Every structure is written in C-alpha cells, then in structure tokens.
Amino acid sequence: MKATVSLDGIWGFLQSLSLSANNKVWLADKLIESSQEDQITLKKSQQEKYVQESMGRAWNEAKEAEHIGRPLPNAYDLIAQL
C-alpha cells in the first residue's frame, strides 16, 4: 500500500534527526541519483513512444500506398532525398 506523505512532513522528520554532514551529503546524493534515474526512465519511455508512433504512421502510409497502387520509394530514393 502506498501512502502519500507531504514533503514538509518529510523535511520536518529529517530535521528532527541528528545527521552528520557526511550523512546529509549521502542523503542528498541518493535523492539526486534517484531523480536522475527517473529522468532517464522517462526519457527512454518518451523515445520508445515516439518510435512506436513513427513506425505506426510509416506502416499505415505504406499500407495506404499499396492499397491505391502508388509505388513506394526504395532506400536509394530515400537517401537521395536527404
């Protein structure tokens, strides 16, 4: 079960502890590390979604072109357009 805790409550709890400077640095590093991991996970998820959407659009366009009899460009044609 997940509980919702206010950040002010967490901050108050942390202030009530007698943490050494080293412990505070360790805790800060862990929070930053966790935040960075979350950002990497989010970015990866966004990239995967973008690829899925792009591939889906490309697949649909290819099926539509095939349906109406329009020839699809080959790899050489696509590279030439660049």
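Predicted model: local features only at pLDDT ≥ 70, side-chain atom pairs only at ≥ 80, totals over all residues.
1. Basis. Numbering starts from 1 along each chain as its sequence is written, and side-chain values use heavy atoms, with hydrogens and water left out.

2. Fold. The protein chain contains three helices and zero strands, in the order α-α-α along the sequence. Helices (H or I, at least four residues) and strands (E, at least two) are DSSP runs, numbered from the N terminus. The radius of gyration is 25 Å, well over the 12 Å that the globule rule gives for 82 residues, so the protein chain is more spread out than a compact globule. That radius is taken over C-alpha atoms, and the rule is 2.2 Å times the number of residues to the power 0.38. Along the principal axes, the C-alpha atoms fill a box of roughly 75 × 30 × 15 Å.

3. Of the 82 residues in the protein chain, 2% are buried. Buried means under 20% relative accessible area, exposed means over 50%, and partly exposed is in between (1.4 Å probe, protein chains only). The protein chain exposes about 8,100 Å², with 59% of it supplied by carbon and sulfur atoms. Accessible areas come from the Shrake-Rupley method with a 1.4 Å probe; for residues, only the protein chains shown count as cover.

4. Charge. There are 9 positive and 11 negative side chains in the protein chain, and the centres of the two sets lie 3 Å apart. Lys and Arg are taken as positive and Asp and Glu as negative, without His or the chain ends. Each charge is placed at NZ of Lys, CZ of Arg, CG of Asp or CD of Glu.

5. Distances from helix 2. N23 belongs to helix 2 and is partly exposed, at 39% relative accessibility. Its C-alpha atom is 63 Å from that of A65, 42 residues away in sequence. A62, also in helix 2, is partly exposed at 25%. Between A62 and P73 the C-alpha distance is 9.9 Å, for 11 residues in sequence. W59 is in helix 2 and counts as exposed, at 56% relative accessibility. The C-alpha atoms of W59 and P73 are separated by 14 Å, with the two residues 14 apart along the chain.

6. Patches. V5, L7 and I10 make a nonpolar surface patch of about 300 Å²; V5 sits in the segment before helix 1 (7-16). D29, E33, E37 and D38 form a negative surface patch. D29 is in helix 2 (residues 21-68) and is partly exposed at 44% relative accessibility. Patch residues have over 30% relative accessible area and no salt bridge; like charges are joined within 9 Å, and nonpolar side chains (Val, Leu, Ile, Met, Phe, Trp, Tyr) within 5 Å. A salt bridge is a side-chain nitrogen of Lys or Arg within 4 Å of a carboxyl oxygen of Asp or Glu.
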